[in-house]
Amino acid sequence: MPKNISSKIFIDGGSPQETRQAKVLLGFLDGQTTNPSLIAKNYTAKAGGTKLTETQALDEYKRVVRQMSGIIPEGSISIQVFAQEETKADEMLRQARARKTWIPNHSIKFPCTKEGLTAAEIACKEMPVNITLVFSQSQAAAVYEATKGAKYPVFISPFVGRLDDRGENGMQVVENILEMYTSGDGHVEVLTASLRGVDHILYALRLGSDIITCPFKVFKTWADGGFTIPDTSYVYPVGKLKPIPYKEDITLGKPWQEYNISHDLTTIGIAKFWEDWNSLLQ
Ligand code: G3P
């Protein structure tokens, strides 16, 4: 496929084999996102129920991202910190500084919580960052402000599929963030994540999402269909999904702590990442 689209294409997963296959199919690959659940799933598929010590599990994460980095040395690879709702910013920063030594093309993922953004505000001056588990326009305003002095690339990851799963139009959050960010300085790249089907790719392309990260299964369906690109007549099939309207009263320009950053799906998501990672441990 010729690289004639403006969005960057990433693979979302925990398997370097998928990274390699995606690069072959597409002819290029701009990056990779991972998270503790995906790394744990990949390990369990390979090793069954064999449990690991904390050091072994961390080594496994490092081994996997190093392999991915070898496949796409020119791409960006997101590595996530391990955190619970109560994990302090200092602890996340400690992990981030260690993870950034794993591979040169790292981007360190922090959850969109008060502690996560406190850590990211400092980290974005030391390394590329990716703020994950984003579900609202208000969280996106906080991410923008917290990372305003960034010296490295900043990604924000709205999770569209998890909103769709409960009947809300996740793609509208991407749309809203992109609209709100038009009044900004462009320092945050919108990375559409948690995709469920090819229409998520097509609409994200249509909206001009800076980055789209595709689970391999969705990517393969897109590949099998010849990597369709939407034209101006493309209409996203919203179906019965409940709208998430743009909020005019949420604007950039305030201290990040003044925005409402709580979202129940962020709380649920952080607990699930923690649980999946800990399921690997002895
Ligand atoms: O990159 C985000 C992604 O891994 C979350 O996807 O399918 O668990 O909602 P999902």
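This is a predicted model: local features need pLDDT of at least 70, side-chain atom pairs count only at pLDDT 80 or more; totals for chains, interfaces and linings use all residues.
# Ligand site and selected residues

User: How far is a polar side-chain atom of Asp12 from an oxygen atom of the ligand?
Analyst: Asp12 is one of the residues around the ligand; a residue counts as near a molecule or strand if one of its heavy atoms lies within 4 Å of it. From a polar side-chain atom of Asp12 to a ligand oxygen, the distance is 2.7 Å.

User: How many residues of the shell around the ligand are charged?
Analyst: The residues around the ligand are Asp12, Asn35, Leu38, Phe159, Arg162, Ala193, Ser194 and Arg196. Asp, Glu, Lys and Arg count as charged; Ala, Val, Leu, Ile, Met, Phe, Trp, Tyr, Cys and Pro as nonpolar; the others, Gly among them, as polar. The shell has three nonpolar and two polar residues, and the number of charged residues is three.

User: What is the phi of Ser194?
Analyst: Ser194 sits in the loop between β7 and α9 (198–207); helices (H or I, at least four residues) and strands (E, at least two) are DSSP runs, numbered from the N terminus. Most residues other than glycine have a negative phi. Ser194 is not a glycine, yet has a positive phi of about 65°.

User: Is Ser194 buried or exposed?
Analyst: Buried means under 20% relative accessible area, exposed over 50%, and partly exposed in between (1.4 Å probe, protein chains only). Ser194 has 8% relative accessibility, so it counts as buried.

User: Which residue joins its side chain to that of Glu189 in a polar contact?
Analyst: Glu189 lies in strand β7 (residues 188–192). At 19% relative accessibility, Glu189 counts as buried. A polar contact is a pair of N or O atoms within 3.5 Å; within protein, one must be able to donate a hydrogen and the other to accept it, and residues adjacent in sequence count only if both atoms are side-chain atoms. At 2.8 Å, the partner of Glu189 is Lys8.

User: Where does Phe227 lie?
Analyst: Phe227 has a positive phi, near 50°, and is not a glycine. Its relative accessible area is 10%, so Phe227 is buried. Phe227 lies in the loop between α10 (216–224) and α11 (264–278).

User: How far apart in space are Gln139 and Glu258, C-alpha to C-alpha?
Analyst: Gln139 lies in helix α6 (residues 137–146). Gln139 counts as buried because its relative accessibility is 0%. Gln139 and Glu258 are 119 residues apart in sequence, and their C-alpha separation is 10 Å.

Definitions and conventions:
Residues are numbered from 1 along each chain as its sequence is written. Side-chain values use heavy atoms; hydrogens and water are left out.
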